[in-house]
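Me: I have a two-chain model open and want to learn how to read it. Where do we begin?

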Amino acid sequence: MEFKNPQEELERFRSRLAVAGGFVLVCFTLLFIRFVWLQVVQHDYYQTRAEDNRISLVPIVPNRGLILDRNGVVLARNYSAYTLEITPSKARDLEQIIDGLAAIIDIQPKDRKRFRKLLEESRNFESLPIRTRLTDEEVAKFIAHRFRFPGVDIKARLFRQYPGGAFASHMLGYIGRVNDRDLEKIEEKEQDANYRGTEHFGKTGLEQRYEFDLHGGTGFEQVEVDAGGRAVRTLARTAPVAGNNLTLTVDVELQRIAEQAFGDRKGALVAIEPATGGILALVAVPNYDPNLFVDGIDTQNWKELNESPDKPMVNRALNGAYPPGSTFKPFMALAALTLGKRRPEQQISDPGFFNFGGHHFRDDKKGGHGMVDMYKSIVHSCDTYYYMLANDMGIDNISSFMGQLGLGSRTGIDIDGESEGVLPSQEWKRKRFKKPEQQKWYAGETISIGIGQGYNAYTPIQLAQATAIVANNGVVFRPHLVKFITDTRTGNRTLIEPQPTRNLGLKAEHVEVIRNAMVGVNKEGTGARAFAGAEYVSAGKTGTAQVYSLKGAEYKAGTVKKELRDHALFIAFAPADAPTIALAVLVENGGFGAQAAAPIARQVLDYYLLGKRPKAPAPVDEAAVEEDEE
Amino acid sequence: MNPGLGLGMIRNLVQRLIAPIDGPLMAIAGLLLLLAVGVMGSASPERLNAQLLNVAVALVVMRVVAQVPPQRLMHLAVPVYLVGILLLIAVALFGDVSKGARRWLNLGFMRAQPSELMKIAMPLLLAWYFQQREAMPRLRDYAIAAVLLLLPVALIARQPDLGTAILVLAAGFYVIFFAGLSWKILVGMAVAAAAAAPLAWNLLHDYQRNRIITLFDPEKDPLGKGFHIIQSTIAIGSGGIFGKGWRAGTQAQLEFIPERHTDFIFAVFSEEFGLFGNLVLLGLYAMLIGRGLMIAANAATLFSRLLAGAVTMIFFTYAFVNMGMVSGILPVVGVPLPLVSYGGTALVTLFIGIGILMSIHGNRMLVQK
């Protein structure tokens, strides 16, 4: 056993105390180094983080720009309405609160569904609408019960509204809630910051194309928030800048008369001002009501719109591709003149068919038109003339000329998603088909191209554009809907290209031949019945596009199903000597162009040139025929 | 009535009242309390009155303990330890569960947290134990001391209450260290501990593991487990050299700092008073510890020395672990900032410690051998 030595023991204890003291100093020094690191070296970083914590930028969504017609009539606007909103972070039991609200205010299951969807997508300190567009009565009712619902409030929000309802909707388009695809576009345009807080985005039509003009500049409020996201006070505010207004080239009255002229028929009409390319009316019927989409369309309406056999969601003016039928003939004639394949007075003999390698391409008129020159070929729509012409010209000559008129390519109208249509050529066929035997172009296929059948398929806007180019002596303007964009803050207007895009260099005397023949159509030809008694001189051409191949059988409108009936077409411009309007009309399954399409064109031209308003939709002239008997 | 006599009586009374109180220790503790009142007035003004009441109670307890001679304390060592162990067992069997841990014992009239008692009972018992083995303690003695220490530590860690378990373990360890456990064994234990770390990892609860993971990468889970550390380091860092000023800390006032009146009160202080304030706080703690170690160095008996040294180092452990976790260099364990955090229990425990130091100082070696 060791002896106890108090002095030695005390010394050892004290040395241990010294060690402990040293340890304390080392640890405290470590802490101090840590504090210097955080508070001196990294101070700026943490200062920024603290500010980021504290200051929340609350976006103030700007008013969306208006869409106005050429005379200032409002086509799309915003209105302020009351919405009932819940801030989930302040509300205790959401289901219970919503049930309570439902007892005093009408809340549909679809409202609940939408709210739940918003809740999933949102951060919890945003307030989310449970009901939109409250009536004054509902607002009053809620206010009386407000004390029972903490976290629930009434807010005034702006809503997009299309006052015309189901009118011009394919042109205007609609806005809907921002989705992932929209977000990609926003990122592409580097507009992320400007779209903070924005809930809606243009989905189709002008609303889509001019989204970034209409949107405006988002304002911001710097708000000091606490850890729970509650706003404590406002530090600074940047006011939002309202979006730009769009003023269209469209005349809303003309648009209305054109739409009404269709009655309950399906089809499209495009009217263009030839001297500018400005679109005067862009009709695609049936329409849909774009207002349905603003808050998110409900499933029932969506189903109805999408499953309707009338396909109201299809923009027939831009996305419907139809064989042009006989409306193709004036363009063929112009091609023949330009390429020197025909002289105007040159006559052919029409026996009622064109024989190509033993196959008879029949003329609609039994026995034929006899001796036919260019004028007569257009006025009476002689098929044989064009069978022969097509054969003489060859497919590639035809397609290169038609291509210059804009057929088979996008016109560049300021609406996205325009279809190209089909401009047939050897090249096109090679690309279109896979099997080598299908890729070859057969000379026989050129024949029916001449009368606007075969592979030909063009959109109504392409036909209207081609008509306008002829009316404008070969000077091409890009068809466009927006005349100018107005900066709502400065009032500055940005005009949309009044400059021509190209000149086809057509000879004036050639165009004159075509013009003259088309005037003849409406005076003494297939359009004469529709334009009887018109107080202006108009140029036109009827057309009928086969939907259904009869394989030699006689076509009788009454015997085929409605959806297999021919499409009626009509192109026109007026006044013939100085055209202010050129148009193309298509009536789906309307029968002969002269029966269904020409009367619509008459109503439109009557209003545009004379201010005459029709009393009823355009009549169907059952007595009119495609090729009159002279 | 002779006014001089009355005054003398009062003076006499006051003198008797303050006699056992150590001036320097009281001054340092008083400054820390003053600072605590200031921070509480910013972090949670509505709790200021309650905390002042806690301070008053703690000071009375300190004064009472300061008067108890070390010999009396030594007699209490074994009974207090046994009661503590029994209560811990009772907690394990019948304790109330709160926030996922079984820490509280419902005594009918009050809820007690027996683990708190062990922070003082542990060094008291071990100091007593080594006092009994006045001869050079042998390895066997250290082994027995270790068993006495690990029993309550294990019971507390099981609750689970890692923070208190660490404090009790540290308190006991300091006694063993001051009793002179050889450096060879200490180093051996450190090596063994490092080797056993993976095993210990498996024994930890998920939430304890998460805290350690969070320490190394708080940004991994910024809204969950890492939120506390991220927000407290932002508060400290944004405080800069001189701080944002009293009640002007945005992290504190806008409630970004969690638990800002209890375990994370240091972040509030540091944001508002900056590096300068931290230096003052560290200085006060260093002075408190220095004074405690000085008292230990001059204590009369082995028991007193060991107890004074261990109690002093408890203050260090509290301060270091708390500031370390709030500034993000130690895992988050529930350890308050000594004398500053809100809460009566810890405050009373700490002032019992100060009272013990005062008592030991009052009975120090008067003659230098």
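Reply: Begin with the contact between the chains. It takes 57 residues from chain B and 40 residues from chain A. Keep in mind that this is a predicted model.

Me: How much area do chain B and chain A bury between them?
Reply: About 4200 Å². Carbon and sulfur atoms carry 69% of it. In chain B, the residues that lose the most area to chain A are Met136(B), Leu254(B) and Leu275(B). Together they make up 15% of what that side buries.

Me: Which helices of chain B each supply at least two residues of the side that touches chain A?
Reply: α7 (162-178), α8 (183-203), α10 (227-239), α11 (250-253), α12 and α13 (302-326) of chain B. α12(B) gives the most, with 13 residues. By type, the side of chain B that touches chain A divides into 32 nonpolar, 19 polar and six charged residues.

Me: How many salt bridges and polar contacts does the rule find across the interface of chain B and chain A?
Reply: Side chains of opposite charge can pair when their charged atoms come close. Across this interface the rule finds zero salt bridges. For polar contacts, the rule finds 14 residue pairs, both residues at pLDDT 80 or more.

Me: How do I read a pair of helices across the interface?
Reply: Look at the axes and the crossing angle. Helix α1 (residues 6-41) of chain A and helix α12 (residues 265-297) of chain B have axes that come within 10 Å. They cross at roughly 175°. An angle over 145 degrees counts as roughly antiparallel, so α1(A) and α12(B) are roughly antiparallel to each other. The residues of their contact divide into 20 nonpolar, five polar and one charged.

Me: Can we follow a single residue into the interface?
Reply: Take His43(A), which is found in helix α2 of chain A. Leave out residues up to four places away in sequence, and His43(A) touches Leu38(A), Gly237(B), Ser238(B), Gly239(B) and Gly240(B). Now look at Gly240(B). Its backbone nitrogen lies 3.4 Å from a polar atom of the side chain of His43(A).

Me: How far apart are the C-alpha atoms of His43(A) and Arg77(A)?
Reply: They are separated by 50 Å. Along the chain, the two residues are 34 residues apart.

Me: How many salt bridges does the rule count over all chains?
Reply: The count comes to 37. One case to inspect is Glu51(A) with Arg54(A), whose side chains meet in a salt bridge at 2.8 Å, N to O. The two sit three residues apart in helix α2 (residues 43-54) of chain A, so about one helical turn separates them.

Me: Is phi of Arg133(A) positive or negative?
Reply: Positive, near 50°, in a residue other than glycine. Arg133(A) has its place in the loop between β4 (128-131) and α5 (136-145) of chain A.

Technical notes
Residues numbered from 1 in each chain as written. Chains lettered and ligands numbered in written order. Predicted model: local features only at pLDDT ≥ 70, side-chain atom pairs only at ≥ 80, totals over all residues. Heavy atoms only, no water. Axes fitted to C-alpha atoms, helices over the stretch in contact; angles between N-to-C directions. Helix = DSSP H or I, 4+ residues; strand = E, 2+ residues; numbered from the N terminus. Parallel < 35°, antiparallel > 145°, perpendicular 65-115°, else oblique. Nonpolar A, V, L, I, M, F, W, Y, C, P; charged D, E, K, R; others polar. Contact = heavy atoms within 4.5 Å. Buried area = accessible area lost by both parts, 1.4 Å probe. Salt bridge = Lys/Arg side-chain N within 4 Å of Asp/Glu carboxyl O. Polar contact = N/O pair within 3.5 Å; in protein donor to acceptor, adjacent residues only side chain to side chain.
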